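Here is a short report for a first look at this protein. Keep the sequence and the model side by side as you read.

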Amino acid sequence: MISAPTDTRRRASLSPAWAALAPLTIVLALFFVVPIGGMVVTSLLVTGSSPGTSTFSADNFTALGSGSRFMALKNSLLLSFTAASVAAVFGGICAWAISTVKSKVVDSLTAVISSVLANDGGVPLAFSFIVAVGNTGYFTALITAVDSTFTLYSVKGLILMYQYFLIPTMILLTLPSFVALKQQWREANTSLGGSSWTFWRRVGLPVITPALLGAWLLMFGSAFGTHASAAVLIGTGAFPLIPLEIAGQLAGSAATGGEGVAMALGVTTGVIAVIVLIAFNALTKRSAKWLNS
């Protein structure tokens, strides 16, 4: 009588469903668990006084609070905050405007174009901006007419370039929330004598704010981790950033022993990414509770 449930559990554990998970488990272990574990261990290893010896210490993380590493962390936070905020404003307005157009063609075009642009980046994006904007041309003349100090090869240029993929990301993330705002809420607001401003102030924005904040957080994380575009546009020393600092430390690790510091920077970036994803999921669920009710 007791062995039957045990046999059932044993057969369930050997079912094809569990066997199908084996390749995924191997991939996750080889490409996520092992690299992350190695990065954490390396970040805690510090070369000892004797040649060939290492000890576990938090010195690599302590080193992040000074010099170019601290400047890189500060610059990355400032750049990501500014770029994500600008994209949130323009992308949010675009998403709201698109949501008011009841057209399947517009929705399809928006989904396709935004998906392509949101996943664009790297060296081709930086090269495109260098060719299209650069230091000369009509587009640059229009920008410098407003801001005479603007140059593409600066933090302002980075913020401008990041909008290319951040604004489409904002549209993709927030457009479903704008569309999901119920028409009954608008009608109830109108029947009670409320204006459009009253609806957005008391109903629309309170309901959609968690989705907007979640999208902003995701764009913040995306801008924080961008490497190739920034490296091509401004190089590795003109404006220190966390991804550029990691690449620089790894490139000179043989001579300077910067591998541990680079891994400490990587762990810090990973922690920020995890926090961003957890907060994004929490905010999205909070907004969806109202929009899907």
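Start at Gln163, which lies in helix H8. The model is a predicted one. Gln163 has a relative accessible area of 11%, so this residue counts as buried, the cut-off being under 20%. Beyond four places away in sequence, Gln163 touches Ala83, Val86, Ala87 and Pro168. Gln163 and Met219 are 56 residues apart along the chain, and their C-alpha atoms are separated by 10.0 Å.

**The overall build**

The protein has 14 helices and two strands. Of its 293 residues, 33% are buried. Take the contacts between residues at least 6 apart in sequence: 67% of them join residues at least 24 apart.

**The nonpolar core**

Which residues touch the most other members of the largest nonpolar core? They are Leu158, Met161, Tyr162, Leu166, Met219, Phe220 and Leu241, in a core of 57 residues. Several helices give two or more residues to this core: H4 (67-99), H6 (122-132), H8 (155-180), H10 (196-225), H11 (228-234), H12 (242-251) and H14 (259-291). H10 gives the most, with twelve residues.

Leaving out residues up to four places away in sequence, Met219 touches Ala84, Ala87, Ala88, Leu166, Thr169 and Met170. Ala87 is on this list, and Ala87 is also touched by Gln163.

**Where H4 meets H12**

How do the two helices H4 and H12 pack, and at what angle? Their axes are 8 Å apart, and the angle is about 150 degrees. Angles over 145 degrees count as roughly antiparallel, so H4 is roughly antiparallel to H12. On the H4 side, the contact is made by Ser68, Arg69, Ala72, Leu73 and Ser76. On the H12 side, Ile242, Pro243, Glu245 and Gln249 take part.

Is Ser76 buried or exposed? Its relative accessibility is 1%, so Ser76 counts as buried. Ser76 touches Phe224, Leu241, Ile242 and Pro243, again with residues up to four places away in sequence not counted. Leu241 is among the core residues that touch the most other members. Ile242 and Pro243 belong to the H12 side of the helix contact.

**One salt bridge**

How many salt bridges does the count come to? The count is one. The side chains of Lys156 and Asp147 meet in this salt bridge, at 2.7 Å from N to O. Lys156 has 36% relative accessibility and so counts as partly exposed. Asp147, at 24% relative accessibility, is partly exposed too.

**Stretches listed in UniProt**

An unreviewed UniProt entry lists residues 20-46, 77-98, 125-146, 158-179, 199-218 and 263-283 as "transmembrane region". Two of these stretches are set out below.

Notes:
Residues are numbered from 1 along each chain as its sequence is written. This is a predicted model: local features need pLDDT of at least 70, side-chain atom pairs count only at pLDDT 80 or more; totals for chains, interfaces and linings use all residues. Side-chain values use heavy atoms; hydrogens and water are left out. A nonpolar core is a set of buried Ala, Val, Leu, Ile, Met, Phe, Trp, Tyr and Cys residues joined through side-chain atoms within 4.5 Å. Buried means under 20% relative accessible area, exposed over 50%, partly exposed in between (1.4 Å probe, protein chains only). Helices (H or I, at least four residues) and strands (E, at least two) are DSSP runs, numbered from the N terminus. Contact means heavy atoms within 4.5 Å. A salt bridge is a side-chain nitrogen of Lys or Arg within 4 Å of a carboxyl oxygen of Asp or Glu. UniProt positions are given in the numbering used here, feature names are shortened, and annotations may be inferred rather than shown by experiment. Axes are lines fitted to C-alpha atoms, for helices over the stretch in contact, and angles run from 0 to 180 degrees between N-to-C directions. Angles under 35 degrees count as roughly parallel, over 145 as roughly antiparallel, 65 to 115 as roughly perpendicular and the rest as oblique.
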